[in-house]
Amino acid sequence: MATSSALTVSIQHGIDTHKVELGEDWKVKDLRQHIWTSFSIPVDRQKIIYKGKILSDPEATIQSLNFNSKSKLMLIGGAVVLSGEHEKLLLEVGDMLKYQRSMFADLHVLVNKALVDGFLPQSLHSSAKLDYMKSIRVMNGQCMNMLESLDSIQVSPQDTAFREKKKSLITGINKFLDELDTCTAQLKKL
């Protein structure tokens, strides 16, 4: 990777924008290597988009692509998660799902006693429903975070046992999300 005078460009990755300093004589392959070392995204998992086009020619120079200090690139691709980390992540997500289900069950019992069985005065029902719906929204958001974490795991096609564990967790999370939706609909009817 040769370096002459530096050029700073913006690289958008997900919701984050990073300022990155490049050598003006760099080629796309140098940029990809820099992204690999800076963002831990392997070259083969990177899609770099500039002016609506994917930068696919590794030998194209930054100058020939007309990069300047106002250039904005979009980076698509995820960092590598090592297989030991895969197992740990699956266990963490599984534990989080169990915890969410437990919290939901406890909350559901409380709300049934308070709203349905009449243990809570009618004047407080509206406030209790809002609090319950807020808790459901929080659980929903946490489930979405769990799904994003699982989605970040790249599994080889040969690792069928691991793929099945991942699929089972995703199915469990989706079922729980359905339960949350059903509960929200029932709560709106009260």
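This is a predicted model: local features need pLDDT of at least 70, side-chain atom pairs count only at pLDDT 80 or more; totals for chains, interfaces and linings use all residues.

At 6% relative accessibility, M139 counts as buried, because the cut-off for buried is under 20%. Colour helix α3, residues 125-151, to see the element in which M139 lies. Next, show the residues around this side chain: leaving aside residues up to four places away in sequence, M139 touches Q100, M103, F104, L107, F176 and L180. For a sense of scale along the chain, pick A128 too: its C-alpha atom and that of M139 are separated by 17 Å, with the two residues 11 apart in sequence.

Now move to the sheet. Select its five strands and you will find an open sheet in the order β2-β1-β5-β3-β4, with mixed pairing. At the edges are β2 (16-23) and β4 (53-54), each pairing on one side only.

Zoom in on β5, residues 72-76. Which residues of β5 are on the covered face, and which on the uncovered one? L73 and L75 are on the covered face, while K72, M74 and I76 are on the uncovered one. In a regular strand, side chains alternate between the two faces of the sheet.

Look to either neighbour of β5 in turn. Strand β1 (residues 6-13) runs parallel to β5 and is joined to it by four bridges; select Q12 to find its bridge partner in β5, M74. Strand β3 (residues 47-50) is antiparallel to β5, again with four bridges. Here Y50 stands opposite L73, and I48 stands opposite L75.

Definitions and conventions:
Residues are numbered from 1 along each chain as its sequence is written. Side-chain values use heavy atoms; hydrogens and water are left out. Buried means under 20% relative accessible area, exposed over 50%, partly exposed in between (1.4 Å probe, protein chains only). Helices (H or I, at least four residues) and strands (E, at least two) are DSSP runs, numbered from the N terminus. Two strands pair if DSSP finds at least two bridges between them. Contact means heavy atoms within 4.5 Å.
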